[in-house]
Amino acid sequence: MGEKVLMKGNEAIAEAAIAAGCRHFFGYPITPQTEVAAYMSKRMPKIDGVYLQAESEVASINMVLGAGAAGVRVMTSTSSPGVSLMAEGISYIAGSDVPCLIVNVQRGGPGLGGIQPSQADYFQATKSTAHGDFHMLVFAPSTVQETVDMISTAFDLGDKYRMPAMVLSDGMLGQMMEPVVLPDARDPDNDSKEWAACGHGNKREHNVVNSLYIDPRELETLVRKRYERYAEIEENEQRAEEYLTDDADIIVVAYGSSSRVSRSAIDMARKQGIKVGMVRPITLWPFPKKALLKHADHAKAFLSVEMSMGQMVEDIKLAVECKVPVEFYGRTGGVIPTPNEVLEQIIRINGGDQ
Amino acid sequence: MAIKGEKPHALTDAPFHYCPGCTHGIVHRLVAEVIDELGVEGRAVGIASVGCSVFTYNYFNCDMVQAPHGRAPAVATGVKRARPDNVVFTYQGDGDLAAIGMGETVHAASRGENIVAIFINNAIYGMTGGQMAPTTLPGQVTQTSPYGRDVKTAGNPIRVCELLSSLDGVALAQRVTVDSVKNVREAKRAIRKAFEYQIAGKGYSIVEVVSTCPTNWGMSPTDALQWMRDNMIPYYPLGVYKDVGEGEQ
Amino acid sequence: MSDLNVLFAGFGGQGILFTGKVMAYAALVEDKELSWLPSYGPEMRGGTASCSVCISDKAIGSPLVVNPDVLVAMNLPSLEKYMDDVVPGGIIIVDSSIVQREVEREDVKVVRIDASRIAEENGLKGAANMVILGKLFKETGFCSAESLDLGLQKSIPPKKAALLENNRKAIALGIEN
């Protein structure tokens, strides 16, 4: 492990990816993630890596498809409108079982929206990225250090399950600096995989990386197999952090930036004697249902705090199986909720002023 | 040209799905012969596009990646940048390369991406059943230009080789056809040169093959070839539009 | 001191983000928990800039400082926008060369320092932000003098090492005045 340094979230994403052995980055500038690309453009040429500024996010994600299909560790990063443009490519990547990493430093939407931090891409990341039955692994960091640690996990699990992984950050986490310790650098991960299209060298049958299956039964069989893998992931890869949940009457559920605001609000509420805690999803897909359900028996209410009009709240309702009321508080469009606003909600749910 | 009975090794045994009289089969064979002759099947990676040639991944014996519609140049870029020693080619039709994928095409060419594009221009969308393509001729009747392509509303056809030849990154831009023994030989020479240029690291090469679509043109294969000679070749003249030459640059 | 939340605000180009950065690095030297959050976007280009710095012994919750313990206002719009948000008992530091307006609050300490003029008179034009940082250091003692100097060194990239001495001088002037 190295020494503790101050890094912007976006730069930490780039350096962590390099430390995780990634030597291939394709991207297109968009605020508030551009520092990732800028950092990569500076570093990659010096470490025998590939940095390429594509002509669009559409091209970026297809370059990722090509490099991933050729078997190397590859990534792109963008912000919300860019993911919309990448949707088609992500579907092909998932349908072709190609691992890769996609970073979304979220900003306010819809449309051109704004450039301030947002969490309004939850549905897009976890459910409706693009056409067809598929999932991405979705990770939601809440600190710069966690972002760093998560990048290598996202790459590794993407490889393990042969699927795209997304790190869902936002403008606040991307732009802020915090102390981080970078992990020891791994060797470049450009080893070929047995399924990859990188030349058969006259030593094996030709590999085809493909998502087209004209026979519906064949396609159904393949999708079902992929869903068996998804079931395994849902069983084994759910991740969440719990904060003061043991005796909690109220469980706040929040991820990323809004979890930090919530944490401040919870500390304030605890000082007032309110028994409130937090389950912070670290994986958004698979959603940490188990961590939530186990509190459904003792908690009186759940409160979803999001920087959106209410997206994750639906998954919380499903996770707690209607045992407890699930409330929602959100700000959107790039507005960050304040701890006081969240505190007010906690007090209201707790039954008003103490 | 010696008539060879056997298939090139770079083609699989899978029977082509193409319609009778379609020139895809000839062009596939030429690409495969070049791969064989250059001895690069083991390091070749082909990028299948969307359109009639979508199943090329079943026909070429080298490793293949199937790309989204129009994105073959970007996918090829990814493969080539990840594996510079691979010999990477796209196989695209006119809708894929010159309509939905024009952005990717122009930028891959402009970057001098060290890949080969085999471009089948038959002035129509084949796979979806005969709609207007970016290369459909003025006045040409298709399913979506039922009164003939009116350039006032539908715009003009795109001459791809001419367009790309202005870009510095392009090593070779040549238009050929495969309607005669002489032209087939010339087409193969162009394809071979394109692959050789890639191996020599010269940049982006495109070989545009003016082709037919008897099924969607509603003609016999022979009539289709004649229609192509009479109508397409005057609009899309054969020839070399850019060639950086064999020497060092 | 367990928690200190500081909001720096002013015009783009006054070194608002850099000032926050020096403070953040000083806290890093002392192995504190900290966060540094800049405003970003078009407003940076000639408009207003702000920067939130949180220093604590515990993990930082929201890094966005809504109710600062210390507000540094380097122009009038910033003072007017944020002065009511400062926590009771907090501090407002104003560059009085630029901002003449009085602060009507009784429950905060208002520190006025002629930072721009002091910097200019000492041949340190453009270093008013460091004069103010010196003042902030003196008022709060958010770190040791040694850590502040190390923080400054870490904030200046090697290419601009020549600027180190002037910044040191400016900080010293802020502490003295």
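Chain A and chain B of this predicted model bury about 2600 Å² between them, with 57% of that area on carbon and sulfur atoms. Buried area here is the accessible area, found with a 1.4 Å probe, that two parts lose on being put together, summed over both. In contact across this interface are 39 residues of chain A and 35 residues of chain B, where contact means heavy atoms within 4.5 Å.

Three salt bridges are found between chain A and chain B; a salt bridge is a side-chain nitrogen of Lys or Arg within 4 Å of a carboxyl oxygen of Asp or Glu. One salt bridge joins A:Arg204 and B:Asp63, whose closest N and O atoms are 2.8 Å apart. On the side of chain A that touches chain B, α3(A) gives the most, with eight residues.

The table divides two sets of residues by type.

The lining of the largest pocket comprises 36 residues, and A:Lys8, A:Glu11, A:Lys42, A:Met177 and C:Lys21 lie nearest the centre of the pocket. To this lining α2(A) gives the most, six residues.

Residues are numbered from 1 along each chain as its sequence is written, and chains are lettered from A in the order in which they are written. Local features need pLDDT of at least 70, and side-chain atom pairs count only at pLDDT 80 or more, whereas totals for chains, interfaces and linings use all residues; side-chain values use heavy atoms, without hydrogens and water.

How values were computed
1 Å grid on protein atoms, 1.4 Å probe; cavity = no way out; pocket = protein on both sides within 12 Å on 5 of 7 lines; lining within 4 Å. Helix = DSSP H or I, 4+ residues; strand = E, 2+ residues; numbered from the N terminus.
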